[in-house]
Amino acid sequence: MAEMSAGAALRQLKQAQAGLKKARQLMRQGRENPGLTPRIVDAGWASLVQTHRLMAEIPRSALDEAVMTQQLSVQRYATALLVRLRRLLRTGDAGDGGDDLDAFDADDDE
């Protein structure tokens with residue numbers, strides 16, 4: 001396997017975060033159509049699995065300050081999504097959108 005550069009690691013992390021954002025968009029649709037709950041949970045879980053897989057593939061040799069900062073951002077976003085998915089499964093309510101997920105978008109450029 002070829003070595004991964006810090007730039008490639010950053011691209012991989014941004015790809016992971018984009019997948020999480022798509023899952024978040026589905027959650028917004030779920031507020032309008034509660035019948036989508038099983039699909040939302042499946043899509044959100046698949047996104048979390050893919051995100052963790054992508055993060056785990058980053059070798060130590062690709063780490064630098066920017067990569068670690070971006071990884072923290074992606075991990076916080078993933079954790080917030082997991083909390084929302086858990087709430088959705090427990091209550092069937094996608095919430096009011098007033099959570100902190102959108103605040104994590106500000107970390108994208110770090």
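Q: Among contacts in the chain between residues at least 6 apart in sequence, what percentage join residues at least 24 apart?
A: A quick note before we start: this is a predicted model. Contacts here are heavy atoms within 4.5 Å. Taking those in the chain between residues at least 6 apart in sequence, the share that joins residues at least 24 apart is 79%.

Q: Which pattern does the chain follow when read along the sequence?
A: Let's start with the elements themselves: the chain has four helices and zero strands. Read from one end of the sequence to the other, the pattern is α-α-α-α.

Q: How do helix H1 and helix H3 run relative to each other: roughly parallel or roughly perpendicular?
A: Helix H1 covers residues 6–32 and helix H3 covers residues 65–91. Their axes lie 10 Å apart, and the two helices pack at an angle of about 20°. Angles under 35 degrees count as roughly parallel. That angle therefore makes H1, relative to H3, roughly parallel.

Q: Is the crossing of H1 and H3 left-handed or right-handed, and how many nonpolar residues does their contact have?
A: H1 passes H3 in a crossing that is left-handed. Sorted by class, their contact includes four polar and five charged residues. The number of nonpolar residues in the contact of H1 with H3 is 16.

Q: Does glutamine 12 count as buried or exposed?
A: Glutamine 12 sits in helix H1. Leaving aside neighbours within four places in sequence, glutamine 12 touches Met4, Leu54, Glu57 and Ile58. The cut-off for buried is under 20% relative accessible area. Glutamine 12 has 12% relative accessibility, so this residue counts as buried.

Q: How far apart in space are methionine 68 and leucine 13, C-alpha to C-alpha?
A: Methionine 68 belongs to helix H3, and at 41% relative accessibility methionine 68 counts as partly exposed. In sequence, methionine 68 and leucine 13 are 55 residues apart. In space, their C-alpha to C-alpha distance is 9.9 Å.

Q: What percentage of the residues of the chain count as buried?
A: The chain has 110 residues. Buried means under 20% relative accessible area. Of the residues of the chain, the part that counts as buried is 37%.

Terms used: Residues are numbered from 1 along each chain as its sequence is written. This is a predicted model: local features need pLDDT of at least 70, side-chain atom pairs count only at pLDDT 80 or more; totals for chains, interfaces and linings use all residues. Side-chain values use heavy atoms; hydrogens and water are left out. Axes are lines fitted to C-alpha atoms, for helices over the stretch in contact, and angles run from 0 to 180 degrees between N-to-C directions. Angles under 35 degrees count as roughly parallel, over 145 as roughly antiparallel, 65 to 115 as roughly perpendicular and the rest as oblique. A crossing is left-handed if the near helix is turned anticlockwise from the far one by less than a right angle, and right-handed if clockwise. Ala, Val, Leu, Ile, Met, Phe, Trp, Tyr, Cys and Pro count as nonpolar, Asp, Glu, Lys and Arg as charged, and the others, Gly among them, as polar. Buried means under 20% relative accessible area, exposed over 50%, partly exposed in between (1.4 Å probe, protein chains only).
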